[in-house]
Amino acid sequence: MNIKTIWIVFLAISLLSCKSQYQIAEINGTLIEVDSTFDNQSNSKMYNLVNTYKTDLDLEMNEVIGNSFEQMEYKRPESLLTNFTSDVMKKYGDEHLPGGADIGVMNVHGHRANMPKGAITVGNLYEIYSFDNTITFLELKGVDLKRMFDAYARIGGAGISSNVKLKIENSKVKSVTVDGKPIDNDKIYKIVTLDYLAGGNDNMSAFLDAVSTTDTGVTLRDIMIDWVREQTRQGNEIKSVLDGRIEVIE
């Protein structure tokens with residue numbers, strides 16, 4: 001039983017035990033170093049309590065919900081995992097936005113682990129999408145979308161949906177199209193991204209000038225779990241492709 005598990009259970013117990021009519025007046029305690037000696041001299045009551053929660057957690061995290069055709073890594077300029085995530089995000093927008101979404105945008109390091117080849121568990125997706133980032137819809141003018149792609153060129157690419165074709169040369173945009181068309185400066189584009197990026201983080205300052213911003217409150221992790229489950233229900237393996245959506249010209 002590791003420290004992370006103990007703290008998760010401790011936090012869960014603390015939250016569940018709180019009553020809205022009470023307020024904390026004072027907090028005090030003693031710092032206890034939790035290392036290998038703690039395991040050797042563990043408190044049996046605490047161990048049994050934590051183990052009860054850990055058993056339930058393991059059952060949920062170890063549930064196999066799909067099968068990946070191959071291992072998917074995350075990196076620049078494009079990768080199997082960033083492509084996969086961005087495409088699913090766009091499809092989520094297509095289902096929930098009037099007229100569908102124009103683009104799905106995902107940062108590379110919003111992923112924290114690779115997708116394994118073979119069985120996919122709920123725990124795998126918690127490892128990959130470990131942040132509680134929420135899906136956010138933006139309306140962005142074309143002129144600001146061009147600024148976003150300028151940032152993509154400077155950083156060498158990131159997650160983008162497959163309907164985009166971006167060519168980068170000398171860290172600048174050589175060409176970019178959305179659905180095969182050049183970006184219209186005056187058009188309003190519907191973007192599916194994360195609350196973290198919508199806040200201008202990770203070089204996405206162009207998003208701060210969005211015409212409108214709607215945080216759905218739905219985590220990226222949840223929509224990815226739902227997507228894998230649905231594909232499995234339909235009898236499909238989880239796949240991704242490297243299709244040249246971002247090309248860096250040397």
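The model is predicted: local features need pLDDT of at least 70, side-chain atom pairs count only at pLDDT 80 or more, and totals for chains, interfaces and linings use all residues. Residues are numbered from 1 along each chain as its sequence is written, and side-chain values use heavy atoms, with hydrogens and water left out.

**Colour by confidence.** pLDDT is the predictor's confidence in each residue, from 0 to 100. The chain averages 89, and 82% of the residues score at least 70. Now select residues 1-13. Their pLDDT is below 50, and this stretch has 15 contacts in the model beyond near neighbours in sequence (contact means heavy atoms within 4.5 Å). Where pLDDT is low, the predicted coordinates should not be read in detail.

**Back to Asn-62.** Asn-62 sits in the loop between helix H3 (44-61) and strand E1 (64-68). Helices (H or I, at least four residues) and strands (E, at least two) are DSSP runs, numbered from the N terminus.

**Next, Thr-121.** Thr-121 belongs to strand E3 (residues 118-121). With a relative accessible area of 16%, Thr-121 is buried. Leaving out residues up to four places away in sequence, Thr-121 touches Met-61, Asn-62, Glu-63, Val-64 and Ile-65. Zoom in on Met-61: its backbone oxygen lies 3.5 Å from a polar atom of the Thr-121 side chain.

**Move to Thr-82.** Thr-82 is in helix H4 (residues 80-96). Is Thr-82 buried or exposed? Its relative accessibility is 0%, so Thr-82 counts as buried. Residues that Thr-82 touches include Glu-73, Val-108, His-111 and Gly-159. Show side chains: those of Thr-82 and Ser-79 make a polar contact at 2.7 Å (a pair of N or O atoms within 3.5 Å; within protein, one must be able to donate a hydrogen and the other to accept it, and residues adjacent in sequence count only if both atoms are side-chain atoms).

**Last stop: H4 against H8.** Select helix H8 (residues 220-233) as well. H4 and H8 have axes 10 Å apart and pack at about 90°, which means that they are roughly perpendicular (65 to 115 degrees). From H4, the contact includes Phe-84 and Val-88; from H8, Ile-223 and Trp-227 are among the residues.

Conventions: Buried means under 20% relative accessible area, exposed over 50%, partly exposed in between (1.4 Å probe, protein chains only). Axes are lines fitted to C-alpha atoms, for helices over the stretch in contact, and angles run from 0 to 180 degrees between N-to-C directions. Angles under 35 degrees count as roughly parallel, over 145 as roughly antiparallel, 65 to 115 as roughly perpendicular and the rest as oblique.
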